[in-house]
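These notes are meant for a colleague who is opening this structure without having seen it before.

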Amino acid sequence: MDGNGRWAKQRNRPRVFGHKEGAESVRAVLKGCAELGVKYLTVYAFSTENWGRPQDEVDFLMTLFALTIDREMGELMKNGVKLQFLGRLTKFFPELQKKMREAMEKTKGNDRITLSVMVNYGGRAEIVDAVNEIVEHRTLNTEQRVEEKDVQAHLYTKGMPDPDLLIRTANEMRVSNFLLWQIAYAEIYVTETLWPDFRRDQLVAAIEAYQKRERRYGKL
Ligand code: IPE
Ligand code: MG
């Protein structure tokens, strides 16, 4: 979800104004996905690198996460949304962690659509965490080689299908440590639209572009 800061700057407003509006885009895109039959929406909300932003911006984002969980919970339950927060959650304030875990617990039985919010997330960190889990769970049988399915089964996204479509807003042409393992065969769609302007129409345009792609998975 890139371009919040630029969106605010264009309006001579502080960067955080863009984050606030960006939260409205998540809401609109989630609704659009649910209506279009998309089963999984995964958004990159806070990277392991984002702690390096000015303290007041980091604080604002933490508050925004907490307020948004509180505000949206009723709607999420009503619409059958399973909400998960994936990443190294232990770095967050205990109260925020608690809110995130409670939201996950409360919505875990919902099955219309899964919204995964990646927070304190890094693709490399996720793979490292998976490898450590495998090593810790290892029995004495060290003859056994670790296979792709083992790594897959220990990622934060275990049990979820790999994404078909990766949408990158604000014209950035990089992956920025997002779902490194999972996007092996994802179709990438880059748009100049800044995240706060990315709503249902832009989602439909992205999906239409995706439908025109021919996916070969390395075959002819
Ligand atoms: C949102 O956009 C990303 C978050 C960390 C929430 P940015 O804050 O990166 O916006 P730009 O790139 O400065 O426009
Ligand atoms: Mg950015």
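1. The helix to look at to begin with is H1, which gives the most to the shell around ligand 1, with three residues. Please bear in mind throughout that this is a predicted model. The elements that give two or more residues to this shell are helix H1 (4-10) and helix H2 (15-36).

2. The residues around ligand 1 are Met1, Asp2, Gly3, Asn4, Gly5, Arg6, Arg15, His19, Ala45, Asn50 and Arg53. A backbone N or O atom of Asn4 lies 3.2 Å from an oxygen atom of ligand 1, and for a polar backbone atom of Gly5 the distance to a ligand oxygen is 2.9 Å. With Arg6 it is the side chain that takes part, an N or O atom in it being 2.7 Å from an oxygen atom of ligand 1. Taken alone, ligand 1 exposes 390 Å², and the protein buries 87% of that.

3. Glu126 deserves a careful look, for this residue of helix H5 (residues 123-137) is buried and yet has no salt bridge. How far away is the nearest side chain of opposite charge? That side chain is Lys158, at 7.7 Å, and a salt bridge would need the side-chain nitrogen to be within 4 Å of a carboxyl oxygen.

4. Which side chain, then, makes a polar contact with the side chain of Glu126? The partner is the side chain of Tyr121, at 2.6 Å. Leaving aside residues up to four places away in sequence, Glu126 touches Tyr121, Leu155, Tyr156, Thr157 and Gln182.

5. Most residues other than glycine have a negative phi. Asn12, in the loop between H1 and H2, has instead a positive phi, near 55°. Leu179, found in the loop between strand S4 (165-168) and strand S5 (187-190), likewise has a positive phi, in this case near 45°.

6. Are these two residues buried or exposed? Asn12 counts as exposed because its relative accessible area is 73%, and the cut-off for that word is over 50%. Leu179 counts as buried because its relative accessible area is 4%, where buried means under 20%.

How values were computed
Residues numbered from 1 in each chain as written. Chains lettered and ligands numbered in written order. Predicted model: local features only at pLDDT ≥ 70, side-chain atom pairs only at ≥ 80, totals over all residues. Heavy atoms only, no water. Helix = DSSP H or I, 4+ residues; strand = E, 2+ residues; numbered from the N terminus. Buried < 20%, exposed > 50% of the residue type's maximum accessible area, 1.4 Å probe, protein only. Lys, Arg positive; Asp, Glu negative; His and termini not counted. Polar contact = N/O pair within 3.5 Å; in protein donor to acceptor, adjacent residues only side chain to side chain. Contact = heavy atoms within 4.5 Å. Near = heavy atom within 4 Å. Areas by Shrake-Rupley, 256 points an atom, 1.4 Å probe, with all protein chains shown as cover.
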